[in-house]
Each structure stands twice: as structure tokens, then as C-alpha cells.
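Please open the model in a viewer and keep the selection panel at hand. The stops below are arranged as a tour, each naming what to select next.

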Amino acid sequence: MNYKTLLRLPCAGVQRLMNHRFSWIIGAATLPFLGVMTAVAVAPGATETAPIAVQEVSQPLTLPAIKAQAADSTRYWREEPVQRGDTLSRLLNRLGVGSADANRFIHTAPVSRDVLKLHAGATLSVEINDQGELFGLRFLNDDENGEKVLVVIEKQGDNWLASAEPPTTDTIQAVRSVEIRTSLAGALAQAGVPVETRVQLGEIFADQLDVSSLKRGDRVKLVYETLLYKGSPIATGNLLAAEIETGNKHWQAFYFAHDSESGSYYDADGKPLRKGFSKQPVSNARISSGFGMRFHPILHSLRMHQGIDYAASSGTPIVAPSDGIIDSMTTQSGYGNVVILKHSAKLSTLYAHMSRFEPKLQRGSKVKAGDVIGYVGSTGRSTGAHLHMEVRVDGQPVDPSITALPVPGLSATQHLAFSKQSVKLAANLKLLRDIPVSVAQLE
Ligand SMILES: [Zn+2]
């Protein structure tokens with residue numbers, strides 16, 4: 001997965017933002033957060049349990065170039081929590097900054113009504129002056145497709161402008177270390193590890209052990225990417241490294257990206273951790289879009305891509321990568337012609353946008369690895385012929401390239417790159433060795 005390249009797209013928005021006359025103020029306001037990312041190790045819910053060690057990790061970050069412009073000293077940004085039942089007008093009234101023309105504009109703004117609906121718990125930033133005059137407001141919201149957008153309403157000269165675009169994010173490495181008291185799931189949830197990372201952890205080590213069998217006293221350490229918007233996490237990226245200690249046994253996993261769209265997990269020596277399925281669903285096809293956060297070409301938003309896309313021409317046969325049972329064969333508006341295969345009680349795979357199904361199959365049919373289940377197409381919400389494949393573990397989408405697909409060995413060059421990278425990640429894991437429970441952020 002490589003959402004970093006994709007995140008370049010929203011940067012155009014930043015450029016625009018940076019050109020605005022008030023933009024340097026935003027830059028200055030966020031400077032302390034961007035300059036030094038300080039994280040304090042705090043275990044959520046730690047008050048009911050034994051005292052915990054606290055470690056503070058500070059790391060300087062590269063600062064974005066800020067275009068200095070003439071200051072308008074009377075203006076400043078103020079943040080206001082959205083309360084239940086708040087509308088934009090009501091909230092502005094409460095702040096005493098409602099202006100008739102701003103209110104009029106909000107009611108006719110050329111953005112969807114949905115993105116202007118406020119949700120309790122969100123934070124609204126307003127740019128005002130000492131006289132209570134309003135110059136702009138912005139807040140993060142979900143659009144009608146459930147994607148995060150940054151809503152900006154601002155005054156330029158005498159005119160009001162509105163936009164709703166994917167937010168610009170920073171990527172940091174979050175580090176978690178937990179010692180199990182009752183269950184791994186509970187310990188990880190208490191440490192704030194996102195559910196997708198928890199499921200992925202189980203998948204990475206599935207050929208070594210069943211992580212749900214870990215007991216009191218066992219320890220797990222994780223390094224994973226978190227996308228931040230103004231210092232608040234809004235999405236999770238790759239799980240980069242993981243370590244499990246149980247009794248005197250010890251396992252490590254390190255992520256290695258094969259290209260910009262996919263990667264797999266290897267042990268410290270560079271050996272693949274999983275065997276994976278024996279077959280690819282389409283042979284000799286390139287992964288054109290990986291799993292994770294990416295910019296959606298049709299919806300123009302930053303969204304979670306819940307599967308991977310294979311570039312393949314219409315009519316290319318799609319085969320079952322492993323034995324299974326046809327769980328469903330349906331036609332849906334988004335997925336088009338879609339087949340779901342069930343491989344075990346917890347593992348299923350999904351194949352979307354098919355031009356047609358394999359005619360002799362139906363719901364309940366048994367298929368063997370290599371059997372044709374349908375043909376590549378562009379049905380449903382699709383930009384062109386391709387196969388969209390998903391893997392779900394207990395209903396949770398996971399990265400197919402680390403869970404199900406054949407895991408390639410590393411070439412000599414790749415092995416060298418892997419070693420360099422894993423040494424750094426191993427150091428990050430080691431950093432947490434003596435901390436019983438911690439939450440920290442690096443980079
Ligand atoms: Zn897709």
C-alpha cells in the first residue's frame with residue numbers, strides 16, 4: 001500500500017490554502033505540534049489498574065515551508081467543540097460571530113448539504129477578530145460516502161467561498177507495547193490499537209501461532225502508521241513491525257513493500273512469515289491499486305480501499321486462489337457482478353466488477369484452487385476493466401497481499417533494503433522493551 005503518493009493529490013489544497021492571506025496564521029498555530037511531536041505514554045483506563053511507567057518520546061520533524069505574508073494582527077483562530085443539536089448558524093451565534101452575509105452564504109454554499117451538517121464531538125475552527133467579525137471557518141466532516149473531507153468556508157475580499165476536499169495529513173509511526181492481563185484483544189483495545197491493526201496482527205502470525213491463545217504475562221509490541229490531521233488521528237496505515245513474546249518464545253514480523261501497491265511480512269532474517277494461497281486470482285496481472293488509504297478517482301475523496309485491484313483486460317478468467325464454497329453470487333450497484341468465496345469459518349474472499357459469472361456455478365457450489373469462478377469486467381462503480389479483490393477475516397477487511405496471496409521471497413537487492421529497514425524498526429520495538437504499557441509516537 002502506498003497512500004503517501006496518493007496523498008500528494010490533496011496537497012494541491014494545501015498550496016491553495018498557503019496562498020490565502022490568512023494561511024500563515026494556521027501554519028503558525030500548528031507549528032508547535034508539527035515542530036516536535038511529543039507523545040506521552042498513557043494507558044487508557046490506567047486509573048483502575050496498577051501504576052504504569054510513562055515514557056515521553058520527542059522527535060523533531062521536518063517543518064513545511066511556510067509562506068510568510070503580512071500579518072493582520074487583529075485576526076485569530078478559535079476552536080469550538082460542536083455540541084449536540086448544533087447547526088453552523090447556532091454555533092456561530094453562540095460565539096457571537098454570526099454575520100448576516102455569512103449566514104446567507106452558508107445556506108446557499110455550493111457544497112453538499114451533508115458536509116455542512118455538524119456532528120457532536122467535532123471541532124469547528126473559526127477565524128475572527130476582536131470585534132467578533134467572521135473571516136472563515138473550517139472543520140473535518142464525513143461526506144455522503146462516509147469519507148473524510150475538510151470543509152472550508154472563507155471570505156475573500158467581499159465574497160464568501162466554500163470547499164470540501166480531502167484533508168492534508170501527516171504520517172507518524174505509532175508504537176504500542178502491551179502486556180496481557182486477561183486477553184490480547186482487550187489489552188490492544190485498551191491501548192487504543194485500531195481494530196484493523198488488531199486483525200492484521202493475527203493474520204501476520206497465523207502460520208506461527210493463534211494470537212488469541214496468548215496468556216497473562218505475554219507481551220506484544222507494534223509499530224504502525226497513523227495519519228494525523230492537525231495532530232488528531234483520522235486513519236490507520238500499514239502495520240510496519242510486530243513482536244510477540246510468550247514464555248521464552250519470541251517472534252518478529254517486518255513489513256516489506258514490494259512496490260508502491262503491495263508488500264508482505266518477513267521475519268528478522270527476511271524469510272516470509274506466511275505461505276499464503278498457492279494461486280493468484282488472475283495470473284500475470286499487476287496490482288494496480290493496493291489496500292489502504294487512497295484517493296478515489298470517481299468520488300474524489302480520500303477513502304479506505306478495502307481490497308486490491310488487479311489490472312487485467314475484460315474477459316480474463318478469475319480463478320479461486322484456494323479451495324472454498326461460493327457464499328454468494330450477486331449483482332450490486334457498487335461492486336457490479338460480485339462473488340464471495342468462503343474458505344473457512346473466518347476467512348472469505350470477494351471478487352467484484354466481473355463481466356460475467358462462471359455459468360455452471362451457483363451459491364453453495366464447491367470450488368478447488370484454480371477453478372474459474374468468473375471473468376474480469378467493469379460492472380458496477382468502476383473506472384475500467386479490472387478485478388477488485390477483498391479478503392475478510394471475521395468480516396473485517398484485511399490486506400489481501402499479506403493475508404491470502406502467495407508471498408514472494410526476497411531477491412538479494414531486496415534483502416539488503418529489507419535489512420536496512422528492519423534494523424530501524426527493530427530499534428523502535430526495542431525502545432519499548434522495558435515499558436509495561438505504553439503509547440508513544442515516533443517521527
Ligand atoms: Zn478496488
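Select His 353 to begin: this residue is buried, because 25 other C-beta atoms lie within 10 Å. Throughout, a residue is buried if 20 or more other C-beta atoms lie within 10 Å of its own, exposed if 12 or fewer, and partly exposed in between, with C-beta atoms placed from the backbone. His 353 belongs to strand β20 (residues 347-354), and its phi is near 65 degrees, a positive value in a residue other than glycine. Most residues other than glycine have a negative phi. The model is a predicted one, in which local features need pLDDT of at least 70 and side-chain atom pairs count only at pLDDT 80 or more, while totals for chains, interfaces and linings use all residues. Numbering starts from 1 along each chain as its sequence is written.

Next, select Asp 394, in the loop between β24 (386-393) and β25 (396-398). Its phi, near 50 degrees, is also positive in a residue other than glycine. Is Asp 394 buried or exposed? Asp 394 counts as exposed, because it has 11 C-beta neighbours inside 10 Å.

Helices (H or I, at least four residues) and strands (E, at least two) are DSSP runs, numbered from the N terminus. Of the 443 residues, 38% are buried. Contacts require C-beta atoms, placed from the backbone, within 7 Å; among those between residues at least 6 apart in sequence, 67% join residues at least 24 apart.

Select β17 (residues 317-319), β21 (residues 356-357) and β23 (residues 372-375). Together they form an open sheet in the order β17-β23-β21, with antiparallel pairing. Since β17 and β21 stand at the edges with a single partner strand each, one side of each is left without a neighbour in the sheet. Two strands pair if DSSP finds at least two bridges between them. Three bridges join β17 to β23: Val 319 stands opposite Val 372, and Ile 318 has Gly 374 as its bridge partner. Two bridges join β21 to β23, where Arg 356 faces Tyr 375.

Move to β8 (170-179). Seven of its 10 residues are buried, so β8 is largely enclosed by the rest of the structure. It runs antiparallel to β9, to which 10 bridges join it; Ala 174 stands opposite Tyr 224 in β9.

Then select Ile 204, Leu 222, Val 223, Ala 241, Ala 242, Ala 253 and Tyr 265, the residues with the most contacts inside the largest nonpolar core, which has 34 residues. Such a core is a set of buried Ala, Val, Leu, Ile, Met, Phe, Trp, Tyr and Cys residues joined through C-beta atoms within 7 Å. Elements supplying at least two residues each include β8, α7 (184-190), α8 (195-204) and α10; the largest share, five residues, comes from β10. Around Val 223, its contacts include Gln 173, Val 175, Leu 425 and Leu 429. A second, separate core of 27 residues includes Phe 291, Val 338, Ile 373 and Met 389.

Finish at helix α10 (residues 412-430), whose 19 residues should span 27 Å at 1.5 Å a residue; the end C-alpha atoms are 26 Å apart, which agrees. The expected span is 1.5 Å times one less than the number of residues. Within α10, Phe 418, Ser 422, Leu 425 and Leu 429 are buried, and their cover includes β9 (219-229), β10 (232-246), β11 (249-257) and β12 (263-266).

Methods: Two residues are in contact if their C-beta atoms, placed from the backbone, lie within 7 Å. Lists of a residue's contacts leave out its neighbours within four places in sequence.
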